[in-house]
Amino acid sequence: MLAVPGGLPASPGWAYEFKWDGVRAVAVVRDGAVRLWARSGAEITTAYPELAGLRDVAGEAVLDGEVVVLTEAGRPSFTLLAERMHVREPARAAHLAATLPITYMIFDLLRLGGLDLTGLPYAQRREHLEALGIAGARWAVPPVFADGRATYAAAMEHGLEGVVAKRLTSVYRPGLRSADWLKVKLEESREFVVGGWRPGVRRVGGLLVGLPAVQPGRLTFHGRVGGGIGAAAERALLAALEPLRAARNPFVRGTVPRADAKGAIWVQPVVVVEVKYGQRTPDGRLRFPRFLRIRPDLTPEEVAGATG
DNA sequence: TTCCGACAGTGGGGTCGCAAT
DNA sequence: ATTGCGACCCCACTATCGGAA
């Protein structure tokens, strides 16, 4: 069951959980063994050997949750988890389980003792889940809250990805994206300067964007933006960028990875665009970026620099 | 006839493994 | 040894098409 993007519900009758930034996983505990499945249907058991211990706590059960890697600050890091996601070789997985351990955030109980619980309302499934008393070094049942605004504020304070609101009366619908679960993400939008673009299937595939560098007239690279460019926006972007074609790369030397520069058409760094995104990666790139609008009212000088 | 929802397609940040260069 | 590419993970958004209203 998947969540639909939305805002905080105003009506009562909802439970609020933190949104965990990791990999969704269903755990099947049966016959003294634990098997894990990804959203795609692929089995991912061998990637996370530290969850084998779940066999002792749940009996016969099917659990739903999110695999995360917590930083020292206690915040999930998808970037760190990425190093573990693809590992299938047992020896390497065991080594990583010791050096970069994951935590399984269990937030739903789909089967217990041979009984299907998906037809029960959320509130009752949650009661059964909590009654299991699951707690361990590598897994947890994270808390649920009744106050949406307070939960959102706490997520913001702790630098989490957002909040998921779940209707208390809703049944579990496997594989379905349902409005009974709403994900309310913490997002930012700000202005960047366009330093080039890459043609794609469309005329404008993605924009290479950056922020003014210390060196005048140059940019530090912050990633590519291709999502959110509709037909009208594409026309406007081409009209603005075509006259600015430049022979040289306006980004500070060495800040644009080779793979990003491939096929790029450079422009004088003049056009300012507003970009919406989730978070930034450790090296400053934008995660889930999408184009919002051109800001013809702003000049690069008015866009805060790379440090701001 | 119009509207809406599901779906495919296009774009993004990543890692890993393998094949081609 | 490097580069390219697809397979998996996370995703947002647009355009399209068929069915419901």
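A nonpolar core is a set of buried Ala, Val, Leu, Ile, Met, Phe, Trp, Tyr and Cys residues joined through C-beta atoms within 7 Å. A residue is buried if 20 or more other C-beta atoms lie within 10 Å of its own, exposed if 12 or fewer, and partly exposed in between, with C-beta atoms placed from the backbone.

**Entry: ground rules**

I am reading a predicted model, in which local features need pLDDT of at least 70, side-chain atom pairs count only at pLDDT 80 or more, and totals for chains, interfaces and linings use all residues. Residues are numbered from 1 along each chain as its sequence is written, while chains are lettered from A and ligands numbered from 1 in the order in which they are written.

**Entry: chain A as a whole**

I began with the overall extent: the C-alpha trace of chain A spans about 70 × 50 × 35 Å along its principal axes. Chain A has 308 residues, and 33% of them are buried. I then listed seven helices and 16 strands. Here helices (H or I, at least four residues) and strands (E, at least two) are DSSP runs, numbered from the N terminus.

Next I looked at contacts, where two residues count if their C-beta atoms, placed from the backbone, lie within 7 Å. Among the contacts in chain A with a separation of 6 or more, 66% are between residues 24 or more positions apart.

**Entry: domains**

I noted three domains: domain 1 (1-17 + 143-186), domain 2 (21-141) and domain 3 (189-305). Such bounds come from an automatic or database domain assignment. The centres of domain 1 and domain 2, taken over C-alpha atoms, are 20 Å apart. Where they touch, 15 residues of domain 1 meet 13 residues of domain 2. On the domain 1 side, β2 (14-19) and β9 (162-167) each give at least two residues. That side holds seven nonpolar, four polar and four charged residues. For these classes, Ala, Val, Leu, Ile, Met, Phe, Trp, Tyr, Cys and Pro count as nonpolar, Asp, Glu, Lys and Arg as charged, and the others, Gly among them, as polar.

**Entry: the largest core**

I looked up the largest nonpolar core and found 43 residues, with Ala27, Leu51, Tyr104 and Val163 making the most contacts inside it. Elements giving this core two or more residues include β3, β4 (33-38), β5 (61-68) and α5 (148-157). Its largest share, seven residues, is from β6. Domain 1 and domain 2 each contribute at least three residues to this core. Apart from it I found another core, of 27 residues, with Val275, Leu286, Phe291 and Val303 among them.

I also followed Val163: leaving out residues up to four places away in sequence, Val163 touches Tyr16, Phe18, Lys19, Gly148, Thr151, Tyr152, Ala155 and Val184.

**Entry: β6 and its partners**

I stayed with β6, where nine of the 10 residues are buried, so this strand is largely enclosed by the rest of the structure. Two strands pair if DSSP finds at least two bridges between them. β6 pairs with β5 in the antiparallel sense over eight bridges, and Val62 has Arg111 of β6 as its bridge partner. β6 also runs parallel to β8 (residues 139-140), with two bridges joining them; there Tyr104 stands opposite Trp139. With β7, β6 forms a hairpin that has two residues between the strands, and Gly113 in the turn has a positive phi of about 55 degrees.

**Entry: β10**

A residue is near a strand if its C-beta atom, placed from the backbone, lies within 6 Å of it. I counted 21 residues around DNA strand B, the nearest being Gly200, Gly206, Gly223, Gly226 and Thr281. β13 supplies the largest share of that surface, three residues. By class the surface near DNA strand B divides into six nonpolar, eight polar and seven charged residues.

DNA strand C is surrounded by 20 residues, and Arg24, Ala38, Ser40, Gly230 and Ala231 are the closest. Here β3 (23-30) and α7 (258-261) each supply at least two residues. The surface near DNA strand C has nine nonpolar, four polar and seven charged residues.
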